[in-house]
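Student: Can you walk me through this structure? I'd like to start with the overall picture and then look at the pockets.

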Amino acid sequence: MSEANTFGQPVGDKVEIALPRPRPPREPMQGRTCALMPSVPDHAEALFAAYAEDRDGRNWTYLPNPAPRDAAEMRARLEEMAESDDPQFYTVLDGDGQPLGTASYLRINPEAASIEVGWISFSPRLQRTIMSTEAMALMMTRAFDELGYRRYEWKCDALNAPSRAAAERLGFTYEGTHRQATVVKGRNRDTAWFSILDQEWPRIKRGLTAWLDPGNFDEKGRQMTPLSDLFRR
């Protein structure tokens with residue numbers, strides 16, 4: 001039940017944590033199958049090659065930018081990304097140190113302890129892999145466990161079915177759709193909002209940890225128990 005003030009009006013729960021929370025540090029995040037490193041231009045050629053495996057460019061339909069035309073354009077983008085504070089960009093590296101995609105923290109609001117994950121651009125070799133799930137888990141862990149944020153957001157084009165499915169698979173709760181929220185590439189975009197709250201994080205963390213455990217995969221790397229089942233447990 002909500003509290004009431006001296007006028008008998010309902011008011012929100014008191015926030016007991018110290019605010020503002022720290023901003024995310026520009027430091028690597030290391031996992032078992034992948035690592036996230038602050039984006040740098042030196043990754044341009046390898047990252048362009050990974051993106052180029054998306055032959056028809058369908059992975060860029062819902063992103064503000066089109067696919068990079070060449071390594072030089074990829075380098076120019078990474079130079080801008082390396083200079084940006086919000087969004088704060090990271091490059092996902094596989095176990096051999098090869099860059100396979102990027103993601104960022106954005107809408108960083110230390111005063112409200114709220115942060116968003118976005119600008120997710122994963123190459124075909126990264127999509128639907130253990131690495132992609134672990135990359136998202138690493139970013140959540142930093143936001144909640146290291147920095148003490150209260151709210152973690154995910155937003156996407158409401159027509160982007162794969163992104164919506166990814167958010168729900170990772171434990172995000174759908175909050176609604178902002179109609180005619182913006183214009184992207186000359187087309188209307190309704191934006192679907194998802195979130196994870198700090199009180200939900202322990203359950204989600206347990207599920208992610210169990211799913212990422214090597215014992216959850218057979219000798220061919222196929223999952224034994226889906227993430228959705230682990231969340232329900």
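The chat below goes through the chain as a whole and then its pockets.

Tutor: Before we start, keep in mind that this is a predicted model.

Student: Okay. How many helices and strands does the chain come to?

Tutor: The chain has 6 helices and 10 strands.

Student: What radius of gyration does the chain have, and what would a compact globule have?

Tutor: The chain has 19 Å. A compact globule with 233 residues would have a value near 17 Å, so the two agree.

Student: And what box do the C-alpha atoms fill?

Tutor: Roughly 65 × 45 × 35 Å, taken along the principal axes.

Student: What percentage of the residues is buried?

Tutor: Buried residues make up 44% of the 233 in the chain. Buried here means under 20% relative accessible area.

Student: What about the accessible surface?

Tutor: It comes to about 12,900 Å² for the chain. Carbon and sulfur atoms hold 50% of that surface.

Student: Now contacts. Of those with a separation of 6 or more, what share joins residues 24 or more positions apart?

Tutor: That share is 61%.

Student: Which residues lie nearest its centre?

Tutor: Ile-120, Trp-154, Asn-160, Pro-162 and Ser-163. The lining of this pocket has 44 residues.

Student: Which one gives the largest share?

Tutor: Strand 7, with 7 residues.

Student: How do the lining residues divide into nonpolar, polar and charged?

Tutor: The largest pocket's lining has 21 nonpolar, 14 polar and 9 charged residues.

Student: On to the second largest pocket. What volume does it have?

Tutor: About 230 Å³. Helix 2 (71-83) and strand 7 each give two or more residues to its lining.

Student: Which of its residues lie nearest the centre?

Tutor: Asn-65, Arg-77, Met-81, Phe-89 and Trp-119. The second largest pocket is lined by 15 residues.

Note on methods:
Residues are numbered from 1 along each chain as its sequence is written. This is a predicted model: local features need pLDDT of at least 70, side-chain atom pairs count only at pLDDT 80 or more; totals for chains, interfaces and linings use all residues. Side-chain values use heavy atoms; hydrogens and water are left out. On a 1 Å grid over the protein atoms alone, a cavity is a set of points where a 1.4 Å probe fits but cannot get out, and a pocket is an open set with protein on both sides within 12 Å along at least five of seven lines; lining residues have an atom within 4 Å of a point. Helices (H or I, at least four residues) and strands (E, at least two) are DSSP runs, numbered from the N terminus. Ala, Val, Leu, Ile, Met, Phe, Trp, Tyr, Cys and Pro count as nonpolar, Asp, Glu, Lys and Arg as charged, and the others, Gly among them, as polar. Grid points are joined across faces, edges and corners, and a volume is the space filled by probe spheres set on the points. The radius of gyration is taken over C-alpha atoms; the globule rule is 2.2 Å times the number of residues to the power 0.38. Buried means under 20% relative accessible area, exposed over 50%, partly exposed in between (1.4 Å probe, protein chains only). Contact means heavy atoms within 4.5 Å. Accessible areas come from the Shrake-Rupley method with a 1.4 Å probe; for residues, only the protein chains shown count as cover.
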